[in-house]
Amino acid sequence: MKGSGFVFAVTLVFVIATWLTCGIVAFGRRKPGYSHVRHTISELGERGASDARIVAFGLFLPVGIGLAAVAILSFDRSPEMAALAAALAAGYLGSVAFPCDVGSPMQGSFSQGMHNLAGGIQYVGGALALARMGETVPMFTTAAAVVGIVAVILTVPNAARIRGAAQRVGEAVLFGSLAAALWRNAS
């Protein structure tokens, strides 16, 4: 992909991130008792939620497809950027195919287990891609560490009060790092 292709890809990432942010805010307001600090993004589309289908197909699916497109667009020029975009895509597409149980517990139904696996691919895969990118651009090493810490927080039961806040930090770092990497390659 040449410079103009990277400009398109970075624009796509900004559009995806904006769509996701607006959706999270809008659906968070609609869900009774939802807290952006305590609850994960996935809980907006959890089994039995009144907006589960629209969250899955109107929010998570377009985000996942858009990120998969970014992965395809960037693969020839940077497999690491493609891996980062693909890891993000896996998390969102996994949320469509395997909605979480109520409260998104660490253990639950088969769907919850697959949901957690997709989330693991997103965070661990994202951290590994960022670590690889950090070999040439040191700021990505810091981003990898932040995402790794977030992945741990998401799995620690005593951190349940801040899971949502931690996840949003991780998402911001993943999306911001992807946009920054694409932008650096566009020039």
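Analyst: The accessible surface, taken by the Shrake-Rupley method with a 1.4 Å probe and with only the protein chains shown counting as cover for residues, has a carbon and sulfur share of 69%; the total comes to about 9,000 Å². This is a predicted model, in which local features need pLDDT of at least 70, side-chain atom pairs count only at pLDDT 80 or more, and totals for chains, interfaces and linings use all residues. Residues are numbered from 1 along each chain as its sequence is written, and side-chain values use heavy atoms, leaving out hydrogens and water.

User: What percentage of the 187 residues count as buried?

Analyst: Buried means under 20% relative accessible area, against over 50% for exposed and partly exposed in between, with a 1.4 Å probe and protein chains only. By that criterion, the buried share of the 187 residues is 47%.

User: Which pattern does the protein follow along the sequence?

Analyst: Helices (H or I, at least four residues) and strands (E, at least two) are DSSP runs numbered from the N terminus. The protein has 0 strands and 6 helices, and its pattern along the sequence reads α-α-α-α-α-α.

User: How far apart are the end C-alpha atoms of helix H3?

Analyst: The expected span of a helix is 1.5 Å times one less than its number of residues, so the 19 residues of H3 (residues 79–97) should span 27 Å. The model agrees with this, as the end C-alpha atoms of H3 are apart by 26 Å.
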